[in-house]
Protein chains: 2
Amino acid sequence: MSAILYAMADTASKLDARVRRSRLRLRQALVELVLQRGYDAVTIRDLTSRADVGYATFFRHFQDKDALLRSLLDELLDELMSLLAPSLADADASRTGTLVFEHVQQNADLYRVLISSQRFVDLVSRAASLGETEMRRDHALSGDALLPPDAAVNHLVKSTIALIEWWLYAGMSPDPRRMGEAFEVLIMAPVKAVAFRRLSGARPS
Amino acid sequence: MSAILYAMADTASKLDARVRRSRLRLRQALVELVLQRGYDAVTIRDLTSRADVGYATFFRHFQDKDALLRSLLDELLDELMSLLAPSLADADASRTGTLVFEHVQQNADLYRVLISSQRFVDLVSRAASLGETEMRRDHALSGDALLPPDAAVNHLVKSTIALIEWWLYAGMSPDPRRMGEAFEVLIMAPVKAVAFRRLSGARPS
DNA sequence: CGAATACGATACACTGTGTTTCATAACTTT
DNA sequence: AAAGTTATGAAACACAGTGTATCGTATTCG
């Protein structure tokens, strides 16, 4: 079980011990049951029963099943972003990629539960859009790029998530170092080529 | 409204006219309502009400909402595959990409409804895996590729779908020809590089 | 025309969500 | 350690949506 579940309880340690206990149990139950049956197949009654918590108690803490998922997701991505922050300044894609895959490896169960949710895509997209704004300064974005910047950001986010998802269910077999390299070659370099360099054919010269 | 809806009715023209009418109406209702509210927000009662069809009649034709979606999806992908078949032999990625984006443009509403479904990914993945088997013969797959072939197929499928999805909601603005080129540069060429050529660093000379 | 059958309407059982109430147990504060 | 606060479990409830069964009627096919 990932350490993040407990870190979250610590973060809110000013709260009543009963509240921390209920929330922790519900979070653990979500992870366990979703790994077994998939998100949609898990009912709130399943969760409260597995968490050994009253049914109504669920709604005292979370508006619905999605809110419970999001509470886990927000913590996980916060941790990932602070892990990545120093490396993003270097603009070394391979190194950044390796850090991501190491984080995934250390929190594999949590990623398996969270990565397919729409909110995961949304949050990462928002972060990537911010990064793109910075990159635009450096690369001086030629007007005749093959695709507009938001297409590039979309591709970067979606295909990176897809690569992580594949890796999670392929036994995490190429190690994070090599996955970081693959991330650079397969995704990062082509994105830069398509959105920041010039069109291939139409060169009048 | 896409012509495919009617083509489907024709295909099954041996059936009772009442059956064809009910199915056609339900399919139209699905497309219209999903475009308005999104798939999950549409209930079967919504569908039958909009289709002007009895509630129980829905279940005489489709097991559930997903089965109705799949019936549309299977037809759409069948049409796409037969459109692509000749161009796949040429192995001209840019041309194939252009054909795909033209098909999307001609059936934009249908793609908007269907592309986010899990079954869409599954069906395209299956098709792509078959294509990959052929490609493996030509490229003689070196053993020290950066990623295994199924990672490449996964990336190809997921990122292509993501690119189409972006394009659908960005007003389909770069034309299909340019999108075909982008598909080749951004996706197809890197996939070949990563799965079929050698590792970059570890070359003992 | 006449037989076959798909249809709409209705009632029903069932599952899951979300709310409310209340007595009790657990926790925090002093 | 006692007193006050508050989160809890249990239970009952209204509600929405799914999927099934029945039956008389209308449409379609031959």
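**Figure 1. Overall make-up of chain A.** The secondary structure of chain A comprises ten helices and zero strands; here helices (H or I, at least four residues) and strands (E, at least two) are DSSP runs, numbered from the N terminus. Read from the N terminus, the elements follow the order α-α-α-α-α-α-α-α-α-α. The model is predicted: local features need pLDDT of at least 70, and side-chain atom pairs count only at pLDDT 80 or more, while totals for chains, interfaces and linings use all residues. Residues are numbered from 1 along each chain as its sequence is written, and chains are lettered from A and ligands numbered from 1 in the order in which they are written. Of the 205 residues in chain A, 31% are buried; a residue is buried if 20 or more other C-beta atoms, placed from the backbone, lie within 10 Å of its own, exposed if 12 or fewer, and partly exposed in between. Two residues are in contact if their C-beta atoms, placed from the backbone, lie within 7 Å. Among contacts in chain A between residues at least 6 apart in sequence, those joining residues at least 24 apart make up 72%.

**Figure 2. The surroundings of A:V104.** This residue, A:V104, belongs to helix α6 (residues 93–106) of chain A. A:V104 counts as buried because it has 21 C-beta neighbours inside 10 Å. Leaving aside residues up to four places away in sequence, A:V104 touches A:Y111, A:I164 and A:L168. A:E165 stands 61 residues from A:V104 in sequence, yet the C-alpha to C-alpha separation of the two is 9.7 Å.

**Figure 3. Helices α9 and α10 of chain A.** Two packed helices are described by the angle between their axes and the distance between the axes. Axes are lines fitted to C-alpha atoms, for helices over the stretch in contact, and angles run from 0 to 180 degrees between N-to-C directions. The axes of α9 (residues 149–169) and α10 (residues 176–196) of chain A come within 10 Å and cross at roughly 165°. α9(A) is therefore roughly antiparallel to α10(A); angles under 35 degrees count as roughly parallel, over 145 as roughly antiparallel, 65 to 115 as roughly perpendicular and the rest as oblique. The crossing of α9(A) past α10(A) is right-handed; a crossing is right-handed if the near helix is turned clockwise from the far one by less than a right angle, and left-handed if anticlockwise. On the α9(A) side, the contacting residues include A:P149, A:L156 and A:W167, and on the α10(A) side they include A:M179, A:F183 and A:V191. By class, the residues of this contact are eleven nonpolar, three polar and no charged. Ala, Val, Leu, Ile, Met, Phe, Trp, Tyr, Cys and Pro count as nonpolar, Asp, Glu, Lys and Arg as charged, and the others, Gly among them, as polar.

**Figure 4. Helices α9 and α10 of chain B.** In chain B, α9 (residues 149–169) and α10 (residues 176–196) pack at an angle of about 165°, with axes 10 Å apart. α9(B) is thus roughly antiparallel to α10(B). Their crossing is right-handed. Among the residues that make the contact are B:H155 and B:L163 of α9(B), together with B:I187 and B:V194 of α10(B).

**Figure 5. The contact between chains A and B.** Each chain contributes to this contact: 21 residues come from chain A and 21 residues from chain B. On the side of chain A that touches chain B, α9 and α10 are the elements giving two or more residues. That side holds 14 nonpolar, four polar and three charged residues. α9(A) and α9(B) pack at an angle of about 145°, with their axes 9 Å apart. α9(A) passes α9(B) in a right-handed crossing. A:N154 and A:W166 of α9(A) and B:N154 and B:W166 of α9(B) are among the residues in contact.

**Figure 6. The surfaces near the DNA strands.** A residue is near a strand if its C-beta atom, placed from the backbone, lies within 6 Å of it. Around DNA strand D there are 19 residues, of which A:S22, A:G54, A:T57, B:A17 and B:A56 come nearest. DNA strand C is surrounded by 21 residues, the closest being A:A56, B:R18, B:S22, B:G54 and B:T57.
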